[in-house]
Structures are given as structure tokens and as C-alpha cells.
Amino acid sequence: MIRTILMAVAVAALALPAAAQTPAKQLFGAKSTPSRQSSAPFGTYNKGCLAGAQQLPETGPTWQAMRLSRNRNWAHPDAVRFIKRLSIAATKVGWKGLYIGDISQPRGGPMLTGHASHQMGLDIDIWMRPVDRLDLSRVERENLSSISVRTPDQRNVNSNWTFAHHRILRAAARDPSVARIFVTAPVKLQMCKDETGNRDFLRKIRPWWGHHYHFHVRMNCPAGAAGCREQDPIPRGDGCKDAVWWVTDALNPPKPDPNAPKPKPKPPKRALTLADLPQQCSTVLR
């Protein structure tokens, strides 16, 4: 009996180095159900995990979760409550509700494809496409696409953009549980141009590459979540003047100085392992 136990311990010890080197995205991507723990986010938005995730129901009275095959409609309960609130707000501006894209995996953590963030169940992708129907089948949810609200030159919103989008984003940004919202720069600039009321919420609307088919809501760390770390605070002001850079210099950067010293090559990006994440994430995986 003792010999059997010692052999098992030896095998487990040999396996530890291999497990430590396994990309964390493979470990978390393999989990199809949440951990049996109280809900709690650990780490940061791009280096963390989620205990006790809650599944956003696939269909509700004012929302539908899209791309169900990805199994990414898991979230911290605060995020689920926010989605329900915002989807009701969408009905008050003429939409039938919201189409919800990726939130998080059942245990959070790095994803096999698509996102560097979305690791704590506090990041939510919401489609720019107004809801057509709220009885889409699973197949329809795989094949239906969102719409872009940006022109091909990346400088302006296109004809898909409406003031209803503005009002939904404004409602989201004014929600006290929201830290910031990522959108394509033309959306930020158009909202800066159109807003005639209190502009305080505009500071939460942050330009970022690629967010023209959806907007990305990032929630604050929940109250009492000691293991969750916030991003740095947003700069003061509405951010409208700074957003101009995204449609000017960012799209047409100045030519590099041929006499400037060459920058040192960056080391290749390494996939996160479990050792890179908070210690609690090992327990979340188990």
C-alpha cells in the first residue's frame, strides 16, 4: 500500500512541471461548467479568473446571447444584472432589446481565441446591431452577423449609426457599476458632437481599435471583491479632444526618423500559464 502511494506521489510530482508550462488558455478553455464556489473575480481583466460564474440565460425578455457554441455567456452576477438593466433601457429608445456577444468562459481565465481580456466575467461585448427578433434559434445565432457603424476610412460613423445607439451607450456609461466602454473612435467623436446635456458620462466612452461591430462594457470590481484589481483611473475631462488623435495621427503616423537609433526587438509574446495568474485561479480550476 505504502509503495503504491509513493508511486502515485512521484507520478504527480513529475506531472507538475508539464502542467505548469501548459498555456492557461488550454486549461480554462477545457472547462465547460463553473466552479462550485461563491462568485468572485480574481486578478485583472487580462490576467485573472472567475469563481462561481453565473450563466446569462440564452434568451430573456429583452436580450439574446449570441454564438452559443463558444460557451462564453458566463459572468459575475453583477454583469448579469447590468445586462438585464441595459437591455430594458434599450427598449425605451426603440430597440427590442440587445444581442449579447462574448462575456467570459465558465471559469473565466484566458481564452483559446479572440480576447486578451474577458477573464473575470466583468467584460461584456454588446452588438451594435439593433435586435431583429428575440426568438432566434441556435443556428441563427451562429450565422447572424452584427453591423459596422464605421466608414471604411475609419474616420466617421456610417448610416447604420443612430441616436438610439447614443442613448444606449449613454445609459450604459451612466450606470455606476460600469468602469469604461470601448468603442471605435468615430463613435466617440460623434457622441461628443451630439451630446447637449450633461457630458460627464463621455469620459467613460473610450476609443479603441476594432470596436465598430460591438461595444465593450467593462464593469468595476464588485464591492468587497478583495481579489479583483481595477484598471488605472480614467483621465479627467470628457476625452473628446484626445479622441481626435485616433482619426488623424493614428491613421497616418509620421514617417520614422531615418537617423533615429533602431529600437530593440521585442521578445516573442509568451502565452500565459497558470503561474502567471492569481493563486486562487488554481482552486477555481479544480
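**Entry 1**

I looked up Trp245 and found it partly exposed, because its relative accessibility is 42%. The terms I use are buried for under 20% relative accessible area, exposed for over 50%, and partly exposed in between, with a 1.4 Å probe and protein chains only. The model is predicted, so I note that local features need pLDDT of at least 70, side-chain atom pairs count only at pLDDT 80 or more, and totals for chains, interfaces and linings use all residues. Residues are numbered from 1 along each chain as its sequence is written, and side-chain values use heavy atoms, with hydrogens and water left out.

Trp246 counts as buried, at 13% relative accessibility. I then checked ring pairs, where rings of Phe, Tyr and Trp (its six-membered ring) pair if their centres lie within 6.5 Å; planes under 30 degrees apart are stacked, over 60 edge-to-face, and the rest tilted. I count 4 aromatic pairs by this rule. One of them is Trp245 with Trp246, which is edge-to-face, with 5.2 Å between centres and 90 degrees between planes. Ring pairs join Trp208, Trp209, Trp245 and Trp246 into a cluster.

I found Trp208 in the loop between strand E10 (205-207) and strand E11 (214-219). Helices (H or I, at least four residues) and strands (E, at least two) are DSSP runs, numbered from the N terminus. Trp208 has a relative accessible area of 45%, so I list it as partly exposed.

**Entry 1: A charge over a ring**

I looked for charges over rings, meaning NZ of Lys or CZ of Arg within 6 Å of the ring centre and within 35 degrees of the ring normal. Arg218 sits over the face of Tyr45, 4.4 Å from the ring centre.

**Entry 2: Positive phi**

Most residues other than glycine have a negative phi. I noted Arg67, whose phi is positive, near 50 degrees. Arg67 is in the loop between strand E5 (63-65) and strand E6 (74-75), and is buried at 18% relative accessible area. Asn71 lies in the loop between E5 and E6, and its phi is also positive, near 55 degrees. Asn71 counts as partly exposed, at 21% relative accessibility.

**Entry 3: Disulfides**

I searched for disulfides, that is, pairs of cysteine sulfur atoms within 2.5 Å. The count is 3.

Cys49 and Cys281 are bonded, with their sulfur atoms 2.1 Å apart. The torsion about their S-S bond is about -95 degrees, so this disulfide is left-handed. Cys49 is in strand E2 (residues 47-51) and Cys281 in helix H8 (residues 280-285), so the bond ties together parts 232 residues apart in sequence. Cys49 and Cys281 are both buried.

Cys192 is joined to Cys240, S to S 2.0 Å. The torsion about the S-S bond of Cys192 and Cys240 is about -90 degrees, so I record this disulfide as left-handed. The pair links distant parts of the chain, with Cys192 in helix H6 (residues 185-194) and Cys240 in helix H7 (residues 240-243), 48 residues apart. Cys192 and Cys240 are both buried.

Cys221 and Cys228 form a disulfide with sulfur atoms 2.0 Å apart. Their link is left-handed, with -75 degrees about the S-S bond, and both Cys221 and Cys228 are buried.

I numbered the bonded cysteines of the protein chain in sequence order and read the pairing as 1-6, 2-5, 3-4.
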